[in-house]
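This briefing is intended for reading alongside the sequence and the coordinates.

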Amino acid sequence: MSNIPETGRTSRITIRLIAIQILVFSLLLTLGGRLWYLQIRNGQEYAAKAKSNHVQQVVEPATRGSILDARGVPLADNQTRLVVSANRTDLLKMKDGGKAVLGRLAKVLGLSTQDIRNKVRLCDAKTPQPCWNGSPYQPIPITDKATTQQALQIRERSEDFPGISAQPTAVRRYPAPGKANTAQVLGYLSPVTDQEIQKAKDGPSPFLRSDQIGRSGLERQYDDYLRGKAAVTRYEVDNLGRVIGQADSDKGQAGSTLITSIDARVQALAEQQLDEAMKTARTQVDRNTGTNYKADSGAVVVMEAKTGRVVAMASNPTYDPNSWVGGISGKDYAQLTGKSSNYPLLNRAIQGQAAPGSIFKVISTSAAVNAGYPFDGHYPCTSSYSIGGQVFKNFEGESEGDISLGRALEVSCDTVFYRIGHDEWKKDGGDKPVKDPHDWFYKTAHQFGLGKETGIDLPNEVKGRVPDRQWKNAFWVANKDSWCAHPKNADDYVSKLARENCLEGMKLHAYDSINYAIGQGDTLVTPIQMATIYGALSNGGTLYTPTIGKAVVSPNGKKVQMIKPRSHGRLPDSQQTLQQIGAALQGVTERGTAAWRFQGWPQDKIPMHAKTGTAEVYGKQTTSWFATYTKDFTIVMTIAQGGTGSGASGPAVRNIYNALYGVNDKGEIDDKAALLPHAESKLPKIESDGTIPSPPIKAPSSPSPSPSGSPPQ
């Protein structure tokens with residue numbers, strides 16, 4: 001028996017009972033406090049949230065705004081189509097994940113079951129196209145080409161197609177008026193992603209899960225205006241899903257219309273002429289290799305010289321933007337992005353980088369004059385120019401004797417510019433540069449706008465490259481470790497070059513400046529940059545920012561925001577120098593390298609100016625450049641691996657001018673046949689009670705790789 005007294009045992013039991021009671025009362029007090037907090041303190045808030053759980057949204061997508069050419073012809077608009085969509089959430093609730101339903105749907109639509117399954121799977125890092133990169137809770141379009149009979153089968157047999165809908169929907173259309181494809185300029189659409197919805201939820205223009213947004217071109221640049229605002233109707237429903245009332249709703253608004261400076265007639269002509277020029281170039285033999293030119297890509301820009309407005313912009317190879325409508329197929333996606341496609345999604349007018357060759361010499365001429373070399377001085381045009389053990393030849397070894405800078409432009413004499421570029425390098429200290437070198441040739445290129453974006457209202461424009469001292473040093477810093485890792489005693493060419501770059505890659509050598517003076521070496525430009533420069537030579541020196549958007553018109557047509565031409569600088573030349581350069585460029589078309597392409601041109605009525613360029617590209621065939629201007633237009637064409645400037649691009653550029661001015665084979669001007677500079681569109685006046693804000697010029701993303709390959713070393 002226990003020796004513990006009875007009183008002690010009773011006392012312990014009492015203490016335990018009291019502790020249990022305190023614990024129970026504490027729990028009850030905590031529970032009561034929590035109930036008070038939920039039901040009384042925040043009762044209304046949680047009631048509202050519970051109520052919202054029984055609100056269903058019906059979204060009616062906004063009609064996207066049209067994109068029109070300068071005459072009001074639609075380049076992108078909308079049309080009603082029968083769209084068949086699948087609700088992925090409903091399909092996943094089925095035992096087989098919806099495989100049977102998709103199989104039956106494939107038979108009705110005449111598509112393969114695998115293609116349909118691919119379209120409804122979600123995109124991720126490991127999933128190739130086609131896949132769905134939009135919200136998983138949004139109906140996924142299977143096809144926008146369903147026939148009325150197919151739609152009726154789906155709707156009448158709804159029990160066989162749960163989660164499948166077929167209804168008329170406004171979808172994007174790119175009509176290509178007059179065969180003006182305009183693909184890279186217009187861009188394309190795709191569904192908004194969950195990440196984009198989350199990122200924009202607190203912004204001025206949040207996304208809905210049903211939104212389609214622009215992914216490139218004008219569709220992306222002006223997406224905020226074109227997209228509009230979807231109508232959202234909210235219904236209160238009970239637990240069984242029955243509508244018991246209507247909650248607050250958001251009114252929709254159609255997207256605004258974008259009027260562009262593109263003329264569909266000129267656009268179609270530019271595309272056709274570029275394509276024909278490339279096909280013709282492929283029939284010509286490259287004398288250096290003995291094989292035909294590949295002419296694998298090209299671009300052309302037609303721009304108003306006095307405003308910077310782009311009248312036409314073509315890039316080749318191209319694609320059909322309609323292939324993205326309703327979701328791109330696996331076959332089409334592979335054709336657009338595969339290694340053999342040569343990347344048609346690139347807009348080579350603003351993203352294609354290549355050495356400019358001799359069309360760069362207008363910059364070298366300006367640099368020489370600003371450095372103190374008389375324009376009408378006498379400069380030896382020898383067949384070659386030597387420094388040390390290196391020989392730099394004139395094109396085709398021609399010799400002209402002593403000539404002026406103007407004549408050097410006319411006949412495109414390389415050795416005149418070799419010598420001046422070398423002399424300036426020596427004046428700046430050569431391999432041991434002075435403290436503040438003048439660097440006239442590099443400074444002038446920056447003043448002409450090279451090495452930076454022109455600011456055109458298209459996304460992802462690239463900067464090109466001015467290989468000045470700063471670039472050389474930055475390039476050396478980025479690559480010195482790999483260069484210096486090569487063995488010191490290796491005899492192969494690659495190792496020797498790497499060791500040389502390791503020790504002296506940061507220096508600006510004589511051969512760098514000599515090659516640079518004729519637009520070779522590490523220099524890279526884009527067609528839009530050169531069009532801007534030659535436009536400035538035409539208009540008296542103003543560097544206009546190229547623009548395609550001309551006006552944004554509100555859905556009701558009452559409010560208009562004009563997108564006015566604007567400049568971003570002037571050429572660093574006096575009016576006398578500009579006139580002298582202009583006279584020389586006119587001489588190019590009368591007695592110089594482009595004269596054979598402009599025979600019979602009415603120079604007395606429409607003075608023509610041009611510069612040809614044949615740029616060498618390391619490991620590839622030469623790039624053809626042809627830069628021209630009149631008082632009205634600037635046209636620049638380039639063809640990668642296309643041969644000489646006047647040979648490959650010249651005929652196409654001449655044909656475009658013939659159409660613009662109505663010049664016939666006899667050199668006569670027919671005003672009725674001419675595609676003259678179009679008049680300003682008659683748009684409604686801007687209302688004083690709130691115009692549409694000016695469209696933002698979005699910063700470009702990281703540069704795309706040059707389609708022309710590596711520059712010559």
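**Disulfides and an open sheet**

The link of Cys484 and Cys502 is right-handed, with 95° about the S-S bond. This pair joins distant parts of the chain, since Cys484 belongs to helix 18 (residues 469-484) and Cys502 to helix 19 (residues 493-504), 18 residues apart. The model is a predicted one, and it holds 3 disulfides. Counted along the chain, the bonded cysteines follow the pattern 1-2, 3-4, 5-6.

**Cys484 and Cys502**

- The sulfur atoms of Cys484 and Cys502 are 1.9 Å apart.
- Cys484 counts as partly exposed, at 32% relative accessibility, whereas Cys502 counts as buried, at 10%.

**Cys381 and Cys413**

- A disulfide joins Cys381 to Cys413, with 2.1 Å between the sulfur atoms.
- The torsion about the S-S bond of Cys381 and Cys413 is about 110°, so this disulfide is right-handed.
- Because Cys381 lies in strand 13 (residues 379-381) and Cys413 in the loop between helix 15 (405-411) and helix 16 (414-427), the pair ties together parts that are 32 residues apart in sequence.
- Cys381 is buried, with a relative accessible area of 1%, and Cys413 is buried with a relative accessible area of 1%.

**Cys123 and Cys131**

- Cys123 and Cys131 form a disulfide in which the sulfur atoms are 1.9 Å apart.
- The link of Cys123 and Cys131 is right-handed, with 105° about the S-S bond.
- Cys123 has a relative accessibility of 26% and therefore counts as partly exposed.
- Cys131, by contrast, is buried, with a relative accessible area of 11%.

- Five strands make up an open sheet, with antiparallel pairing in the order 12-11-23-22-21.
- Strand 12 (310-316) and strand 21 (609-617) are the edge strands, each pairing on one side only.
- From one strand to the next, the twist averages 5°.
- Thr634, in strand 23, is the bridge partner of Tyr629.

**The helix on the sheet**

- Helix 23 (residues 645-661) packs on the sheet, where it touches strand 11 (297-304), strand 21, strand 22 and strand 23.
- The direction of helix 23 makes about 150° with that of strand 23.

Terms used: Residues numbered from 1 in each chain as written. Predicted model: local features only at pLDDT ≥ 70, side-chain atom pairs only at ≥ 80, totals over all residues. Heavy atoms only, no water. Pairing = 2+ DSSP bridges. Helix = DSSP H or I, 4+ residues; strand = E, 2+ residues; numbered from the N terminus. Axes fitted to C-alpha atoms, helices over the stretch in contact; angles between N-to-C directions. Contact = heavy atoms within 4.5 Å. Disulfide = S-S within 2.5 Å. Buried < 20%, exposed > 50% of the residue type's maximum accessible area, 1.4 Å probe, protein only.
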